[in-house]
Structure formats: structure tokens, C-alpha cells
Amino acid sequence: YFSHAWRRGSPPIFWGTDATLFTTKNIVNKERNEMSSYGKTHFYFLQDIFVRFDVKKCHVISLLKNDGSEKDINDAYEESVTKLNLNFQQFHSRMNENENDDDDDDDNGDDFFKIVFTRFNFDEIESDHVINHFIRQMIDEIQSIQFTQIDFNEGENFECKKHQNIIYRFNCADSLDRTNVTSFALGVMLTSKYANDHAPSFRKSSSSSWTDPFNYLHSSVINFLCKIFTKSGDIASKMYANTSANRSYLIKNFFIPDKNDDDIEINNDVVNIVWRQINSVIFDKKRQEMIFEWLNSESFRRKRFILD
């Protein structure tokens, strides 16, 4: 059994959206973030990344724009990650002092938590090339990742042979559209690496390198990934915004159906945007009240469920 988990979600800082029928503005609660010493970010990464997945490294891929109100969120998010990394380093140094560890050769920095923050702006790249551009940017790092490998023995016994060494975390603003497209790109890269290491039946051509996944993987594998990411992206978007996901055409561009394949149906992005705006202004407040009523809590002191 092989697996590799990643996470997607909005930036874990205090921010919100002020929306009307015709405008949308993202607002960062700078005072609340600084008063809590970016406690929301600290708590999220410690509990939901490092402890939950038992890793020491997380690579944040932020897909927010570097202008307008999205830049404010991007800047605040990166600042919170910088402060968190500094806290980890200081804690690591104090631990070494307490243990009187004077052997600098053994202190390579790999035994404490670290977050890498990367900005990837969709709108700076021509849309038809954005997935391949992202793959080219990430592929060198993907070569060094490892999968979680579990061997099942007789009965219910199992042995964890290897454990993944990094968690990737994707976000845009609402983490629906750009996030889904880049998650698809990561899924393609991981599948291609898995095919190279463990699954020759996934390969289309032995003459291509796995680092060129769309030429390396069999078309049926690519089509399967296209289908599951457009479908799962629509499900997440329906739950959050009451529309299907936007930018799904970027995934569908790689779908080459054979005679037994049904085509991938996607909605018009402009229609989705208009309907999302109407939902946000007119229906979101009522929907939020229904969520609170269902959870029987307005404070969310205790999580009743976790949506991955």
C-alpha cells in the first residue's frame, strides 16, 4: 500500500471578505493576528500538519495574487509563517542548550519543524501553460519525496516501511479553483513518480522520463486523474460556494477520451462567478445560521468534524 497526503485550505490567519452584488474585497484583521502573535497559524500547523501527519517539513504553495486585496492576505500569511519558523528555530536552540549538545556536526536542522512558503501567481502565466509551468517549477523537489509504504502481512498485521517526508499545502483565497488545478498538477507528478518506481503498467512510454508526466503516463491514467480532480473539485466547491469549480477547463485540456470514455462536463466560469456573488450576498448568512444550528454551537470551541 502506497500513499501521499497533501492539504488544501484557506490561509490560516484572521481575514474575511466584504462582498456586495458587484464588488468583493478581502480584508485582513491585522490587529487580531498581531495580538494573538499569529496564534491561529501556529495552532493550525502544529496540530493539523506536523502532529497529524508526523512530518517535519511543510511546503506552502500560495496561489494568491501579488496585487490588490489578495496581496494583503499573501503578505500577512507569509509573515505569520516567517514568525512560526523563527519560533521553531528558537525552540530548537533552547532544546540543544538544555541537552548540552555541543556537537555541531550532528545538528543539521532536519530534526525540527520547518515551513517553506512559495508564491505561485496564476495570472502571471498564460492559462493554457500554467499546469506545465507549475510542474516544471516543482519537479526537482518531487524527485526527493517519498511515499508512505505499508506492507500487510498475514491476518491484520502490517508494517510501515517508509513514511512520507513532506506535506504540501495549497491555498488561494477560498481554495476552490486555483487550488484544485495545482492539486491536480501535484497528483499527476506523484502518479508519474509512483509509476516510475513501482507501477510499470501505468507507463505509456519507456523512452520518456517520469519528470514529463503527460508523455510518460498512459492516457487512461491521465484521463482518470482528470475525472477525479474535476469531480472532487466540484464537490468541494458545491459545499462551500454552491457552484461547481472554476478553471476546470485547464484540467480538461489534458483529457483525451477513448471510445469508452464519457466526456467531462464543466460549467461556464462566468456563470459560476455571478451565481457565487449572488449566493455570497443573499444566501450565505442563512446558510451559516443553518450550519451553526446543525452543529449546535456558535463558538466552534470543539470541532465536530474535519473536512479534508
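The second largest pocket of this predicted model has a volume of about 350 Å³. A pocket here is an open set of points on a 1 Å grid over the protein atoms alone, where a 1.4 Å probe fits and protein lies on both sides within 12 Å along at least five of seven lines; the volume is the space filled by probe spheres set on the points. Lining residues, which have an atom within 4 Å of a point, number 15, and F147, G187, L190, T191 and Y194 are the closest to the centre. Two or more residues each come from β1 (2-3), α5 (178-197) and α7 (219-241), helices (H or I, at least four residues) and strands (E, at least two) being DSSP runs numbered from the N terminus.

In soluble globular proteins, nonpolar side chains tend to be buried together. A nonpolar core is a set of buried (under 20% relative accessible area, 1.4 Å probe, protein chains only) Ala, Val, Leu, Ile, Met, Phe, Trp, Tyr and Cys residues joined through side-chain atoms within 4.5 Å. The largest one holds 40 residues, of which I131, I142 and F184 touch the most other members. Its largest share, eight residues, is supplied by α5. Beyond its neighbours within four places in sequence, I142 is in contact (heavy atoms within 4.5 Å) with Y168, L186, M189, L190, K193 and W210. A separate core of 23 residues includes F45, L64, I73 and F88.

Residues are numbered from 1 along each chain as its sequence is written. Local features need pLDDT of at least 70, side-chain atom pairs count only at pLDDT 80 or more, totals for chains, interfaces and linings use all residues, and side-chain values use heavy atoms, without hydrogens and water.

Note on methods:
Buried < 20%, exposed > 50% of the residue type's maximum accessible area, 1.4 Å probe, protein only.
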